[in-house]
Amino acid sequence: MRLNGKVALVTGAGQGIGRGIALRLARDGADIALVDIQKDQIDAVAREIAALGRRASVYVADVAKRDQLFDAVAQADDKLGSFDVMVNNAGIAQVAPLLDATPEQVDRILRINVQGVLWGIQAAATQFKSRGRRGKIINACSIAGHEGYALLGVYSATKFAVRALTQAAAKELASAGITVNAYCPGVVGTDMWVEIDKRMAEVTGAAIGETYQKFVGGIALGRAETPDDVAGFVSYLASADADYMTGQSPMIDGGLVYR
Ligand SMILES: NC(=O)C1=CN([C@@H]2O[C@H](COP(=O)(O)OP(=O)(O)OC[C@H]3O[C@@H](n4cnc5c(N)ncnc54)[C@H](O)[C@@H]3O)[C@@H](O)[C@H]2O)C=CC1
Ligand SMILES: CC(=O)C(C)=O
């Protein structure tokens with residue numbers, strides 16, 4: 001198994017893509033630290049990981065709060081040992097016309113999607129360096145980090161920022177043996193998309209399901225993405241096979257966006 005002996009921390013691991021990543025990394029041999037604001041959800045994922053024969057530990061932490069994330073990383077390293085992979089997956093979406101975005105909404109999404117990734121990079125790199133270890137940092141970007149989407153404009157801006165942080169961190173941390181990459185999913189059928197579709201319906205008058213189907217209709221492979229589609233790629237990024245890759249944010253979207 002390609003991740004035997006590795007320890008990975010996944011944020012936003014309670015559901016959706018984060019849960020899929022945590023389970024896949026565990027199936028590939030890693031022990032997993034699960035971070036989320038929803039305790040019941042990460043407890044349930046921890047039980048699934050234990051059933052796979054891997055160790056799991058849970059940390060209730062808000063990625064927007066730097067101290068909480070630093071604590072979670074340090075505790076995970078102490079408890080599971082040899083922490084080597086950080087997956088900054090947690091994120092939120094917001095649907096609103098740019099002209100209607102309020103300071104409170106913008107502040108919230110920037111704190112979770114941008115600062116949360118920055119604190120995750122800082123926490124992981126600090127821990128790797130303090131132990132004199134190489135490491136891998138993997139960030140959740142999106143096709144919206146390559147193209148600004150109408151009504152998802154502020155969300156798109158946060159994902160462009162994740163791509164910039166990924167490139168800059170890759171350059172700053174390479175000499176310490178730390179690689180930094182991102183994954184850019186397309187349309188994954190998680191709760192996030194249920195909410196996006198519902199808000200799109202409210203804002204545009206579209207029927208429920210219409211926006212989702214319109215996006216899915218543009219996918220060359222002809223179906224919506226699943227968390228497992230994303231997780232296999234993240235497992236590759238976490239593995240030694242990706243040792244010579246850094247600063248990249250590739251699309252894993254079934255052929256929806258071409259850059
Ligand atoms: N669903 C999709 O189509 C796509 C999702 N993405 C990105 O993938 C990532 C995961 O998305 P989904 O699984 O779809 O979302 P989701 O909404 O289904 O799950 C997000 C998880 O993150 C947790 N979370 C939210 N805020 C948090 C915080 N402040 N601190 C800690 N945990 C927090 C939630 O409790 C939840 O468990 C996000 O960064 C998202 O932007 C990117 C492209 C497409
Ligand atoms: C949620 C998301 O990133 C998109 C563009 O679907």
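How far does a polar side-chain atom of Ser142 lie from an oxygen atom of ligand 2? The legends below describe close-up views of a predicted model, beginning with the site that answers this.

View 1. The distance asked about is 2.7 Å, between a polar side-chain atom of Ser142 and an oxygen atom of the ligand. A polar side-chain atom of Tyr155 likewise lies 2.7 Å from an oxygen atom of ligand 2, while a polar backbone atom of Gly186 is 3.2 Å from an oxygen atom of this ligand. The residues around ligand 2 are Ser142, Ile143, Tyr155, Gly186, Met192, Trp193 and Ile196.

**View 2. Surroundings of ligand 1, with selected polar contacts.** Ligand 1 has 29 residues around it, of which Asp36, Asn89, Tyr155, Val188 and Thr190 come nearest. A polar side-chain atom of Thr190 is placed 2.5 Å from an oxygen atom of ligand 1, and a polar side-chain atom of Asp62 lies 2.8 Å from a nitrogen atom of the ligand. Gly186 takes part through its backbone, with an N or O atom 3.4 Å from an oxygen atom of ligand 1.

**View 3. Packing of helix H4 (residues 103–130) against helix H5 (residues 153–173).** The axes of these two helices come within 9 Å and cross at roughly 15°, which means that H4 runs roughly parallel to H5. H4 passes H5 in a right-handed crossing. On the H4 side, the contact is made by Val106, Ile109, Leu110, Asn113, Val114, Val117, Leu118, Ile121, Ala125 and Lys129; on the H5 side, it is made by Val154, Tyr155, Thr158, Lys159, Ala161, Val162, Leu165, Ala169 and Leu173. Sorted by class, the residues of the contact of H4 with H5 are 15 nonpolar, two polar and two charged. Tyr155, one of the H5 residues in this contact, is also among the residues around ligand 2.

**View 4. Packing of helix H3 (residues 66–80) against H4.** H3 and H4 pack at an angle of about 35°, with their axes 9 Å apart, and their crossing is right-handed. Arg66, Leu69, Phe70, Val73, Ala74 and Asp77 of H3 meet Gly116, Trp119, Gly120, Gln122, Ala123, Ala124, Thr126 and Gln127 of H4. The contact of H3 with H4 comprises seven nonpolar, five polar and two charged residues.

**View 5. Packing of helix H6 (residues 191–204) against helix H7 (residues 210–217).** The axes of H6 and H7 come within 7 Å and cross at roughly 115°. Trp193, Asp197 and Met200 of H6 make the contact with Glu210, Thr211, Tyr212 and Phe215 of H7, a set that divides into four nonpolar, one polar and two charged residues. Trp193, which belongs to the H6 side of this contact, is also listed among the residues around ligand 2.

Note on methods:
Residues numbered from 1 in each chain as written. Chains lettered and ligands numbered in written order. Predicted model: local features only at pLDDT ≥ 70, side-chain atom pairs only at ≥ 80, totals over all residues. Heavy atoms only, no water. Axes fitted to C-alpha atoms, helices over the stretch in contact; angles between N-to-C directions. Helix = DSSP H or I, 4+ residues; strand = E, 2+ residues; numbered from the N terminus. Parallel < 35°, antiparallel > 145°, perpendicular 65-115°, else oblique. Left-handed = near helix turned anticlockwise from the far one by under 90°. Contact = heavy atoms within 4.5 Å. Nonpolar A, V, L, I, M, F, W, Y, C, P; charged D, E, K, R; others polar. Near = heavy atom within 4 Å. Polar contact = N/O pair within 3.5 Å; in protein donor to acceptor, adjacent residues only side chain to side chain.
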